[in-house]
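This report is for a reader new to the structure.

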Amino acid sequence: MVQAWYLDDSAADPRRPNRAEPARPVGLEQLRRLGILYWKLDPDRHESDPELEKIRKERHYSWMDIVTLSREELPDYEEKMEMFFTEHLHGDEEVRYVLDGSGYFDVRDAEDRWVRIAVEKGDLITLPAGIYHRFTLDQQNYVKAMRLFVGEPEWTAHNRPADHVEARGQYVAFLAQSA
Ligand code: KMT
Ligand code: NI
C-alpha cells in the first residue's frame, strides 16, 4: 500500500523521508479526500495489462509516454529536478505510473500542510487539477514512469502563487465539499 506522511518543517535534504516526529501517517481515505487516486499494478505487465487498460479506458487516458529521471538519462537533469520540486499546479490531472525506481510527490492538504507520498514500482497515482504539489527523487535517484493524459498533453506548470488559475478555484470548491 502506498505510504504517505506529514513532512517535518526542517530544511533537510528533500530526498530523505523527513517524516514529522512523532510520525503522522496519512491513509488512502485522506488522500482520496484531497482528490488523489491510487492503484497498485504489476509494472512487468504494463505493455499488455488488462487492469491498466481498464483504468485508461474509464478515465480516458488516451495518451501516454515513458520517461526516465536519472542523472545519466535525463538531459538538463539539475534544471528539471529544480522545476519539479518548485511548488506548482496544473490545469489538468497529473497521472504517473511508476514502472521502476521511486520518488516523492509532496501535496498540500486542505490546511496547506505538506503531505509526502512515497511512490514506488507498481504505483499509479493521479493528482487532481489545481492541487499545489512538487516532486523529488529519493536517495535512489532514479525513477522510470509512464505519464498518462486525457488527449493531447498540456504540461504547463503554474508556480505558486497561482490562485487565479481556473483549475485552482475548482479544486478549492472540491476541497470544501469533500471535507
Ligand atoms: C512531473 O511532471 O513532476 C514528473 O514527471 C516527475 C514525476 S514522474 C514520477
Ligand atoms: Ni506537476
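## Basis of the report

Two residues are in contact if their C-beta atoms, placed from the backbone, lie within 7 Å. This is a predicted model, in which local features need pLDDT of at least 70 and side-chain atom pairs count only at pLDDT 80 or more, while totals for chains, interfaces and linings use all residues. Residues are numbered from 1 along each chain as its sequence is written, and chains are lettered from A and ligands numbered from 1 in the order in which they are written.

## The recorded binding site

An unreviewed UniProt entry lists H88, H90, E94 and H133 under "binding site". These residues are spread over 46 residues of sequence but cluster in space, with a largest C-alpha distance of 11.5 Å. UniProt positions are given in the numbering used here, feature names are shortened, and annotations may be inferred rather than shown by experiment.

H88 lies in strand β4, residues 88-89; strands (E, at least two residues) are DSSP runs, numbered from the N terminus. H90 is placed in the loop between β4 and β5 (94-108). Leaving aside neighbours within four places in sequence, H90 is in contact with A129, T156 and A157. With residues up to four places away again not counted, H88 touches R134, A157, H158, N159 and R160.

## Burial at the site

A residue is buried if 20 or more other C-beta atoms lie within 10 Å of its own, exposed if 12 or fewer, and partly exposed in between. H88 counts as partly exposed because it has 19 C-beta neighbours inside 10 Å. H90 has 20 such neighbours and therefore counts as buried.

Apart from neighbours within four places in sequence, I125 is in contact with I36, Y38, R96, F105, I117 and V119.

## Around ligand 1

The residues around ligand 1 (C-beta atom, placed from the backbone, within 6 Å of it) are F84, R96, V98, G103, F135, V143 and A145. β5 and β9 are the elements that give two or more residues to this shell, and β5 gives the most, with three.

The shell divides into five nonpolar residues, one polar and one charged. Here Ala, Val, Leu, Ile, Met, Phe, Trp, Tyr, Cys and Pro count as nonpolar, Asp, Glu, Lys and Arg as charged, and the others, Gly among them, as polar.

Methods: Helices (H or I, at least four residues) and strands (E, at least two) are DSSP runs, numbered from the N terminus.
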